[in-house]
Amino acid sequence: MFQFPGDPTTPGIASTPNLPDSKRVSPVESEQLPKIPVTPISYADASPILEHLGGPPSPREWQGALPFTYHVGPGPAKVKMHLKQDYQFRTIWDVIGKVKGTSSPDEWVVAGNHRDAWVYGAVDPNSGTAAMLESVHGLGELLKSGWKPKRTIVIGSWDAEEEGLIGSTEWGEDHAQELGNAAAYFNMDVAVSGKKFGASGVPSLKEFIREIAKAVPSPQGGTVYESWKKTSEPSAESHRSQETSTFRPPPAATHNDVPVGDLGSGSDYTVFLQHLGVPSTDVSSTGDYGVYHSVFDNFAWFKKFGDPDFRYEQQMARVYGLEVIRMSSADVLPYDYENYGREILVYLDAAKSKSKERFGDKVPDFSAALEGARHLQEAGTKILQKQRKMPTAPDRLNAKLREAERALLIPEGLPNRPWFHHAIYAPGQYTGYAAVVIPGVNEAIDRGDLRRTEQQIAALAAALNRTALVLEQYR
Ligand SMILES: [Zn+2]
């Protein structure tokens, strides 16, 4: 996912069976396919190679658990590696279910989880798929009882996530137009690997997730929110951040409440949020999960360690199902733009201090972006009052609320990564799955590029003011 996720031969467009070959980039020319052959190997195969490397010792953090000092080479040992690269086009399958909305059928609430796994994938992704199917079961019961959603519910079981978010990305690109109107995308993936509830989301939906956690019972007694609060207290912090760091970047500390993380990448919300600007969330219940992406992520592990009596599966089905039900039935969309502005101010303060370290007395002027974030926060405060008053005909209010997240998209995309449009969130280019917030600005600072930092502050300020103006247009 260096440049864009999905089919490496169809950047920005849907890879459908009838797409003419002339529209595809050949695999040899795709920017997305690595040019250096790479293969994962086991420690048993790796140790004789590592043991016979000379040169200087490796940096401390590269030293692993094998009982000798790691060196970085080159040589003197030589390794001959035979790799078979099986380049072929293969068919993948997304399975889509829909429940048509009554009053706003063109406004979609999308919920998804991938279905493919590296091996057995009991946790990743099947703990998510099981919980998702149980939510769907619940929706079916509700429909039988006569309940109907106002907005259209779309449930997606994505294929080929592990190879680069291919199923969700291609589906998202194929439905870009309809998704321009979507109210939310709810993701699950590694849904249950233990007992600690956690969530990530755009700031406008963080309070929405907390409210849902207050409505769902926890297998530990009380509500999910209460046990979430216990495990997110400072004493629990070091343990928690250590074991979930692969999945959850640290959240912005604007609230004296349970922390909801920021969305980076490594799962299927990427196309929805970062390419199309659909407000998104990701929820999970995590624990010690050393079998991630290995053959040992299997049913025996799940039964013995993950969730022996499947009660956390029930919890996640309820959380996920309630997200879908509340969003598809809300009279007024429950977005909080005041909090969005407030979080961006925190991101900007951090970027400003970092830029002082980087550029010294030539520190760029952040005032336009800070002003933009305050503008968004104020517009958010005003529109929250209108949301709480619940107008009798809320269509226009809802339309402005939906349009606001799209106004955070930068039309030309991020520098060198035009597929990524979101001004506030992107996967980091060098941080793996973790999010980089206000990525244009932060990555320009990291490169020590003063001119680009200034350009990106201006682009961010424009996006923030654009978003605030959209909210202010509602009177
Ligand atoms: Zn997964």
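How many helices and strands does the secondary structure of the protein come to? And what covers the buried residues of α14?

Modeller: The secondary structure comes to 15 helices and eight strands. Both are DSSP runs, numbered from the N terminus: helices are H or I over at least four residues, strands are E over at least two. This is a predicted model, in which local features need pLDDT of at least 70 and side-chain atom pairs count only at pLDDT 80 or more, while totals for chains, interfaces and linings use all residues. Residues are numbered from 1 along each chain as its sequence is written.

Along the principal axes, the C-alpha atoms of the protein fill a box of roughly 75 × 60 × 55 Å. Of the 475 residues, 44% count as buried. Buried means 20 or more other C-beta atoms within 10 Å of the residue's own; exposed means 12 or fewer; partly exposed lies in between, with C-beta atoms placed from the backbone. Among contacts with a separation of 6 or more, residues 24 or more positions apart account for 76%. A contact here means two C-beta atoms, placed from the backbone, that lie within 7 Å.

Now to α14. This helix covers residues 439-446. Seven of its eight residues are buried, so α14 is largely enclosed by the rest of the structure. The buried residues are Pro439, Gly440, Val441, Asn442, Glu443, Ala444 and Ile445. Their cover includes α11, β7 (425-427), β8 and α15.

Look at what leads into α14. Ile438 sits in the loop between β8 (435-437) and α14. Its phi is near 30°, a positive value in a residue other than glycine. Ile438 is also buried, with 26 other C-beta atoms within 10 Å. After α14 comes Gly448, with a positive phi near 70°.

Two of the covering elements lead further. Take α15 first, residues 450-472. Its axis and that of α12 come within 8 Å and cross at roughly 15°. Axes are lines fitted to C-alpha atoms, for helices over the stretch in contact, and angles run from 0 to 180 degrees between N-to-C directions. α12 and α15 are therefore roughly parallel to each other. The cut-offs: under 35 degrees is roughly parallel, over 145 roughly antiparallel, 65 to 115 roughly perpendicular, and the rest oblique. On the α12 side, the residues that meet α15 include Ala368, Ala369, Gly372, Leu376, Ala379 and Ile383. Facing them in α15 are residues including Ile457, Ala461, Leu464, Ala468 and Leu471. The contact of α12 with α15 divides into 13 nonpolar, five polar and two charged residues. Nonpolar covers Ala, Val, Leu, Ile, Met, Phe, Trp, Tyr, Cys and Pro; charged covers Asp, Glu, Lys and Arg; the others, Gly among them, are polar.

Now α11. Leu345 lies in this helix, residues 337-359. Leu345 is partly exposed, with 19 other C-beta atoms within 10 Å. Leaving out residues up to four places away in sequence, Leu345 touches Leu370, Ala373, Arg374 and Gln377. From Leu345 to Glu371 is 26 residues in sequence and 9.1 Å in space, C-alpha to C-alpha.

Beyond α12 (367-389), the loop to α13 (395-407) holds Met390. Its phi is near 55°, positive in a residue other than glycine. Met390 is exposed, with 10 other C-beta atoms within 10 Å, whereas Ile438 is buried.

One runs from Gly75 to Pro76, with omega near 0°. Pro76 lies in the loop between α1 (43-51) and β1 (95-99). Another joins Asp124 and Pro125, with omega about 15°. Pro125 lies in the loop between β2 and α2 (126-144).
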